[in-house]
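I'd like to walk you through one chain, from the overall picture down to a few side chains. Let me put it on the screen.

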Amino acid sequence: MRIRRVDIQNFRGIKFASWRLPKERSFLALIGPGDSTKTTLLTAIERTLHDRAGMTFVDTDFYGAKVDEPIRIRVAVADLPDQLITMDTFGTFLSGIDDAGEWSHDPTSESERCVIVELLVEADLEPVWQSYRPPLGGPDVQEDDPHPVRSAQRARITAYRIDDRIDAHLRWSSSSSLGKLTSKRGNTKATLTAANRAARDAASAAVTDDLKVLAREVQEAVHTIGTARFDDLKPGLDVSLSNTRGNLALFEGDVPLTNFGLGTRRLTGAATQQLANGGSATLLVDEVEYGLEPHRLVHLLSYLKDKDAFSQVFITTHSPTALRHLEPDDLAMVRATAAGTTYVRSLGDPPSLRPLLKTSPEAFLSRRIVINEGKTEYGVVLRLLQKWAARLEQAVPSAALGVVALEGNGGTGSCKWAKEFLSVGYEVVLFIDSDDSNANALVSDVQTLGGVVVQWPDGACIESAVCAQLDETGLNGYIAAALEVAEDADAAKQSFSDNLRTYAVVNSVTPQGVELLDINTWTAAGIDLDACRSAIALVSKSKSWFKRVDKGQRLGTFILETPPLQTGKFKATIDQLRAAIYAESLAGEALTQPLDDDHAQSETRERQPGTHPGAVSGPAHA
């Protein structure tokens with residue numbers, strides 16, 4: 001059995017969502033920044049397909065806590081086994097669903113059979129599980145009367161969730177996976193009954209005098225208020241707990257598994273559910289990495305992707321380690337707009353995303369990506385973001401906005417990366433030099449796709465942009481910063497001097513007797529300050545003075561602490577970069593169409609974040 005489509009209306013943070021799942025996909029990892037409603041998607045599936053007879057809802061389960069519009073969740077399940085397609089299970093309300101996830105009133109030659117389970121919750125907070133069949137003739141035609149979908153029927157297509165409340169499945173109870181396993185085994189029920197009675201007797205014998213006194217005090221208080229009459233109130237083991245949480249649990253030796261770490265408990269819970277359901281259930285795992293070391297996480301992912309383990313597996317993750325061991329086909333990007341519309345998009349296309357996933361998995365977990373020219377710019381941006389947050393120059397730090405900075409791949413390479421991420425709906429800020437004509441030619445493509453491009457003015461790289469505004473003291477500080485992060489300061493001094501001397505000879509600008517690492521001696525000897533600036537910029541770029549991430553961070557500190565760089569074109573470019581990083585996210589339009597208006601859903605589903613008509617491109621130059 002496979003879930004093929006999930007439609008949600010007015011549930012928690014989702015005003016509207018219509019998620020069409022790839023037909024053959026048995027494993028999907030939902031990724032996205034915080035508050036993108038990934039967990040809400042899992043919860044919607046769980047609540048619709050869970051086999052509990054009742055379930056509690058509260059006002060805050062409604063979108064915006066407004067109960068005047070009902071919660072409506074529809075889950076289409078296809079690939080049904082023959083034993084479920086009978087008149088006493090789902091045979092009386094089968095629908096059709098095609099490869100694109102469009103559903104129809106009846107199965108057709110171009111669609112497969114499915115059952116659409118609808119969970120409806122109105123202002124009275126009483127959940128109703130029923131069937132849904134798209135009306136014949138379109139949304140304006142009256143729908144069929146729904147059939148109730150009872151818990152016993154949902155149990156045949158149920159979804160189980162593994163989260164931090166996994167302990168319930170490590171105990172024997174009527175609803176736990178251990179309880180389900182027990183019910184399938186011959187006379188184990190009699191064994192459990194006998195065990196419960198023995199445990200009850202042992203607990204009664206172990207009651208202390210203090211507890212007995214406390215019990216008598218409770219008994220007297222009950223009598224005083226006239227609630228009931230008790231003759232022998234005392235502590236004991238309530239065997240009725242086996243019908244809820246369970247009083248028999250799995251032990252390792254003398255230690256119950258509920259005392260073990262969360263990762264171990266989650267893994268054990270997943271295993272018991274797989275055994276209890278014979279690979280026919282849908283498994284939901286929120287934050288799959290929680291409580292697991294990287295090596296155990298990698299092993300778990302391999303296990304969950306095994307098609308024989310579960311019918312389907314949906315996970316959420318914020319782990320770059322997890323993404324490195326998955327493929328783009330395994331990923332679905334989740335985005336929520338300010339209007340409450342949730343989008344879910346597969347990242348299986350284009351195939352060129354795979355190298356980016358392996359080298360920069362953290363970018364796929366973000367909302368907005370700052371792609372930099374290279375190591376130097378990446379280090380500078382990291383330091384800028386750190387200082388901006390520390391100085392409280394922004395209302396919130398960039399991390400809270402889902403911003404991730406990446407080390408780029410040169411001007412043209414970074415432009416190509418920007419286009420790749422923009423094509424699948426990420427917001428992109430591209431921060432590159434403007435001294436490469438090939439990269440400059442790609443800038444308009446990035447802007448057309450909705451990216452914001454920030455470049456140094458006047459055909460400059462970062463080194464020349466910095467040096468262009470420095471006086472002698474500033475240039476000396478620039479040299480000192482480069483020496484500070486050199487691996488060997490003495491060797492670096494000699495190398496810097498040799499490289500500047502070579503530059504001087506080639507350009508005939510350095511007279512005899514000048515101290516090469518002291519720019520004051522250059523200008524005192526009559527060398528033009530602009531020539532000094534050009535020399536330092538060219539040598540520092542060609543000899544990679546700051547071309548390492550930590551060295552770029554030192555350059556970022558220099559930029560923030562140097563007064564001449566707090567004005568003019570340089571400051572204008574940095575301000576443009578900051579504005580792009582902290583800009584409000586692009587928001588999709590609110591949907592007002594009902595859930596069964598498939599045409600409207602299809603149109604809205606194809607509007608992806610980053611390609612919204614309101615997307616604004618930044619200028620190529622400051």
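Let's begin with contacts, meaning heavy atoms within 4.5 Å. Among those in the chain that join residues at least 6 apart in sequence, 72% are between residues at least 24 apart. Before I go on, a word on where this comes from: it is a predicted model, in which local features need pLDDT of at least 70 and side-chain atom pairs count only at pLDDT 80 or more, while totals for chains, interfaces and linings use all residues. Residues are numbered from 1 along each chain as its sequence is written, and side-chain values use heavy atoms, with hydrogens and water left out.

The chain has 21 helices and 21 strands; these are DSSP runs numbered from the N terminus, with H or I over at least four residues for helices and E over at least two for strands. Of its 622 residues, 49% count as buried. For accessibility, buried means under 20% relative accessible area, exposed means over 50%, and partly exposed is in between, using a 1.4 Å probe and protein chains only.

Now, the sheet I like to show. Four strands make up an open sheet, ordered β19-β18-β20-β21, with parallel pairing. Strands pair here if DSSP finds at least two bridges between them. At the edges are β19 (403–406) and β21 (452–455), each pairing on one side only. On average, neighbouring strands in this sheet are turned by 15 degrees against each other, direction ignored. A note on angles: axes are lines fitted to C-alpha atoms, for helices over the stretch in contact, and angles run from 0 to 180 degrees between N-to-C directions.

Look at β20, residues 427–432: its parallel pairing with β21 runs over four bridges, and Val-429 has Val-452 in β21 as its bridge partner. Helix α12, residues 410–423, packs on the sheet and touches β18 (368–372), β19 and β20, with its direction at about 175 degrees to that of β20. Helix α20, residues 568–582, lies across β18, β19, β20 and β21, and it runs at about 160 degrees to β21.

While we're on β21, is Val-453 buried or exposed? Val-453, which lies in that strand, is buried, with a relative accessible area of 0%. Its C-alpha atom is separated by 8.7 Å from that of Ala-580, 127 residues apart along the chain.

Next, the cores. A nonpolar core here is a set of buried Ala, Val, Leu, Ile, Met, Phe, Trp, Tyr and Cys residues joined through side-chain atoms within 4.5 Å. The largest has 55 residues, and Val-466, Tyr-478, Trp-522, Ile-536 and Trp-545 touch the most other members. A second, separate core of 49 residues includes Leu-283, Leu-347, Ala-418 and Leu-422. Back to Val-466: beyond its neighbours within four places in sequence, it is in contact with Tyr-478, Phe-558, Ile-559, Leu-565 and Phe-570.

On to the rings. How many aromatic pairs does the structure hold? There are 14 aromatic pairs. Rings of Phe, Tyr and Trp (its six-membered ring) pair if their centres lie within 6.5 Å, and planes under 30 degrees apart count as stacked, over 60 as edge-to-face and the rest as tilted. Phe-90 and Phe-93 have ring centres 5.9 Å apart and planes at 75 degrees, so that pair is edge-to-face. Phe-90 is buried at 0% relative accessible area, and Phe-93 is buried at 2%. Ring pairs also link Tyr-478, Phe-496, Trp-545, Phe-546 and Phe-558 into a cluster.

Charges come in too: a charge sits over a ring if NZ of Lys or CZ of Arg is within 6 Å of the ring centre and within 35 degrees of the ring normal. The charged end of Arg-47 sits over the ring of Phe-57, 4.6 Å from its centre, and that of Arg-74 sits over the ring of Tyr-132, 3.6 Å from its centre.

Last stop, a histidine. His-50, in the loop between α1 (38–49) and β4 (71–78), counts as buried at 9% relative accessibility. Leaving out residues up to four places away in sequence, His-50 touches Met-55, Arg-154, Thr-158 and Ala-159. Ala-159 takes us to strand β9, residues 159–162, where Ala-159 and Arg-161 point one way, Tyr-160 and Ile-162 the other, and all are buried.
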